[in-house]
Amino acid sequence: KNYYGGNWASFSFSGLLSWIKENQQKTDTDECEDWKKLILENEEVIPISKKDKTIQHVEDFCFGDQDSAEDVEEAGALPKMPVFGAPGVEGVAQESEKECPPAESALPEAENQEPDKATGMEPASVTEGRDAEITSENESSPSRSSGEPTLELGKTEAAPSEISAQEPKKITYSQIVREGRRFNIDLVSKLLYSRGLLIDLLIKSNVSRYAEFKNATRILAFREGKVEQVPCSRADVFNSRQLTMVEKRMLMKFLTFCLDYEQHPDEYQDYENSTFAQFLRTQKLTPSLQHFILHSIAMVSETDCNTLEGLQATKKFLQCLGRYGNTPFLFPLYGQGEIPQCFCRMCAVFGGIYCLRHSVRCLVVDKESGRCKAIVDHFGQRISANYFIVEDSYLSESVCTKVCYRQISRAVLITDQSVLNTDSEQQVSILTVPPVDPGKPAVCVIELCSSTMTCMKDTYLVHLTCPSTETAREDLEPVVQKLFNLNPEKEAESEEQEKPRVLWAVYFNMRDSSGVEKSSYDGLPSNVYVCSGPDSALGNDCAVKQAETIFQEMFPTEEFCPPPPNPEDIIYDEDEIVPEESGFSNSPETKPESTTEESSSGDSAAVKKEDNEE
């Protein structure tokens, strides 16, 4: 691929259109197989899949005048960190150093300035969006007494919209094309739980220095045909106008119980084999409170989730409240695709190499030992290694005959207004829409405003996700029709006119390979590890657990993602600087494999100690 991140990537609008075109083409490329001559008699090969088949049923729709955009050119790039999906990669390191210096040095200065003087280089919209940054305790200012990792909140909050009550501005398709680089459209839609595994890992590994975050500002519910805000923090509950005083007491009592439900087993033991929805009906909660808890707080299935799973999900939600804001969730500025890129940056600082547009033809297996010893790339070049980590989509069908995959249904919409208009138009909202029909899954809707740096001004980017039962369009279009106006040109009822107008939409199905056991793959050597693509869950725990599991299998005595030393404090041994025998070779003659200890010694470094003994 010519972009980082695989199915975790983010694209500009033109980049996404190219991705759509690529995935709508069914043709397999005919490729030269000269590399087979490089395989020795005592070796066998595991071919790599020539085409990524993880994306299916891609359908895109423009609800404006598409012809008017034929001659429109995309405006120049925004001054920001390089985005996944950008066609060029040259000069990335220089740009990121100039435009996005490490947050520790850049942010404190900007925070102490007036909002209009925060930076002389960036447009106001960039400054407005920089709401939050994760820092660890030792980076916090001395005035903070808490040992808790903290979130730096910017002082440049977006001003409430003066025209929110008026009609939204009419956005044309040609404007979307022209402002295409202001869009950062994620293939996978997720949020970060503020006490989730990924946040803890970002802080511990110091990868958080490469990213900025914004709070999800609202939890919404869809009930009786209307979208409404869910009170979830203590302050929200008592300030809510939609709940009666009795309901407020009921809700607070139940949420308090959920926080330490393990201490009160007698309250739920009789319902362990019941669904969480059935348990809620026994808890003296009104139907509206049951709906809020089930769909917007626990965010679990009405039919498939048992009582214990529901209580665990509710507790997780509540524990994440208040760490960085009034909701449990954070969203990375410039999109979810920034997260893998941040790990790429940290890895590159310590010598990791990433090769785009560099395809692999096969894995080379030693017949005698049964271990994988090398790969052969499209140049016919052999690259030797001790361990091989392969994303599921690279494995050929012959390896995956026993694997049963799930699918994720995805839709991405560009709309002209929010699903719930309030005084401030800069809202990041999450909404769970209950199943339309029995047997269908609930749909998770995440709506992003322009200050997340994922869409142009006066538009919203809406992601819809659910586990697939049919094609993405069949799964998600009924929900889109309930929430949005798809026929803006026709005379519509007043209720339809109040809905946000969809300007552009794409539907697609994505393979969910999470949860597949390694034993399901046929004939994989023991030193080849398979990682999955994205799963359908809202958080990122699955990916973090998987990465740690693979790492520990390879290096059981090593710490996973330890806090890195400062690059300037590393002293390399002289013999490490001298180029050693490379693992790259055009010849099939292989050199003896180094042991694990030998391969890891090349990465060893002495860290300067600043104490008196030195």
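Visitor: Which residue in strand 19 is the bridge partner of L448?
Guide: L461 is the partner of L448. Keep in mind that this is a predicted model.

Visitor: How do strand 18 and strand 19 run, and how many bridges join them?
Guide: The two run antiparallel, and five bridges join them. Strand 19 covers residues 460-467.

Visitor: What about strand 17, in what sense does that pair with strand 18?
Guide: Strand 17 pairs with strand 18 in the antiparallel sense, over five bridges. Strand 17 takes in residues 429-433.

Visitor: Which residue of strand 18 is the bridge partner of L431?
Guide: That is V445.

Visitor: How many of the six residues of strand 18 are buried?
Guide: Six of the six, over residues 443-448. Strand 18 is therefore largely enclosed by the rest of the structure.

Visitor: Which residues lie on each side of strand 18?
Guide: On one side are V443, V445 and E447. On the other are C444, I446 and L448. Both faces are covered.

Visitor: Moving along. Where is S451?
Guide: S451 sits in the loop between strand 18 and strand 19.

Visitor: Is S451 buried or exposed, and why?
Guide: S451 is buried, because its relative accessible area is 3% and the cut-off for buried is under 20%.

Visitor: How far apart are S451 and Y334?
Guide: In sequence, 117 residues separate them. In space, their C-alpha atoms are 9.3 Å apart.

Visitor: And where is Y334?
Guide: Look in the loop between strand 11 (329-332) and helix 12 (338-349). Y334 counts as buried, at 2% relative accessibility.

Visitor: What is the phi of Y334?
Guide: Positive, about 75 degrees, although Y334 is not a glycine.

Visitor: What about the phi of M453?
Guide: M453 has a positive phi too, of about 65 degrees, and is not a glycine. M453 lies in the loop between strand 18 and strand 19.

Visitor: Is M453 buried or exposed?
Guide: Buried, at 5% relative accessibility.

Visitor: New topic, the surface. Which residues make the nonpolar patch?
Guide: V349, F350 and Y572 make a nonpolar surface patch of about 250 Å².

Visitor: Where does Y572 lie?
Guide: Y572 is in the loop between strand 22 (570-571) and helix 16 (574-577).

Visitor: Why does Y572 count as partly exposed?
Guide: Because its relative accessible area is 41%. Partly exposed is what falls between the cut-offs, under 20% for buried and over 50% for exposed.

Terms used. Residues are numbered from 1 along each chain as its sequence is written. This is a predicted model: local features need pLDDT of at least 70, side-chain atom pairs count only at pLDDT 80 or more; totals for chains, interfaces and linings use all residues. Side-chain values use heavy atoms; hydrogens and water are left out. Patches are made of residues with over 30% relative accessible area and no salt bridge: like charges are joined within 9 Å, nonpolar side chains (Val, Leu, Ile, Met, Phe, Trp, Tyr) within 5 Å. Accessible areas come from the Shrake-Rupley method with a 1.4 Å probe; for residues, only the protein chains shown count as cover. A salt bridge is a side-chain nitrogen of Lys or Arg within 4 Å of a carboxyl oxygen of Asp or Glu. Helices (H or I, at least four residues) and strands (E, at least two) are DSSP runs, numbered from the N terminus. Buried means under 20% relative accessible area, exposed over 50%, partly exposed in between (1.4 Å probe, protein chains only). Two strands pair if DSSP finds at least two bridges between them.
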